[in-house]
Amino acid sequence: MIDSPRKALGNNDSDRQRAAEIYSRFRTMADAYGERLQLIIADNDPPPITSESFGKVEFDYDNPMVPGVDHPGPDHAGRLENEADG
């Protein structure tokens with residue numbers, strides 16, 4: 001899981017180039033490892049490069065879950081920090 005890989009980057013030419021290099025590296029890893037590797041990248045903007053290696057799932061208030069994965073309901077969900085105590 002990679003969260004916000006472009007967080008410290010701005011929007012000038014060198015920052016956009018750096019973002020493209022980061023995503024190019026992700027694509028190289030995905031192509032090299034195939035189904036043996038899954039990268040989950042949380043980013044607010046679409047990838048700066050295109051690749052068939054990348055899938056996309058968008059979330060919003062109306063669709064907050066991964067499609068096809070049912071929420072178990074409030075009686076079956078808990079906070080991870082509470083489970084660490086048990």
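Me: How much space lies in the second largest pocket?

Reply: Rolling a probe the size of a water molecule over the atoms shows where empty space is left. In this structure, a predicted model, the second largest pocket holds about 230 Å³ of space. (A pocket is an open set of points on a 1 Å grid where a 1.4 Å probe fits, with protein on both sides within 12 Å along at least five of seven lines; lining residues have an atom within 4 Å of a point.) Local features need pLDDT of at least 70 and side-chain atom pairs 80 or more, whereas totals for chains, interfaces and linings use all residues. Residues are numbered from 1 along each chain, and side-chain values use heavy atoms, without hydrogens or water.

Me: How do the residues of this lining divide into nonpolar, polar and charged?

Reply: The lining of the second largest pocket has three nonpolar, four polar and six charged residues. (Asp, Glu, Lys and Arg count as charged; Ala, Val, Leu, Ile, Met, Phe, Trp, Tyr, Cys and Pro as nonpolar; the others as polar.)

Me: How much space lies in the largest pocket?

Reply: The largest pocket contains about 950 Å³ of space. It is lined by 25 residues, of which I40, I41, G55, K56 and V57 are the closest to its centre. Its lining consists of 14 nonpolar, six polar and five charged residues.

Me: How many salt bridges does a search of the whole structure find?

Reply: A salt bridge is a side-chain nitrogen of Lys or Arg within 4 Å of a carboxyl oxygen of Asp or Glu. The search finds three in the whole structure. In one of them, D43 meets R6, with 2.8 Å from N to O. D43 belongs to the loop between β2 and α2 and R6 to the loop between β1 and α1, so this pair ties together parts 37 residues apart in sequence. (Helices, H or I of at least four residues, and strands, E of at least two, are DSSP runs.)

Me: Are D43 and R6 buried or exposed?

Reply: Buried means under 20% relative accessible area, exposed over 50%, and partly exposed in between. D43, at 25%, is partly exposed, whereas R6, at 16%, is buried.

Me: Which residue forms a salt bridge with D13?

Reply: D13 meets R16, at 2.3 Å from N to O. Both lie in helix α1, three residues apart, which means about one helical turn separates them. D13 is exposed at 60%, and R16 is partly exposed at 38%.

Me: Which residue forms a salt bridge with K56?

Reply: K56 pairs with E58, their closest N and O atoms being 3.0 Å apart. Both K56 and E58 are exposed.

How values were computed. Points joined across faces, edges and corners; volume = space filled by probe spheres on them. Buried < 20%, exposed > 50% of the residue type's maximum accessible area, 1.4 Å probe, protein only.
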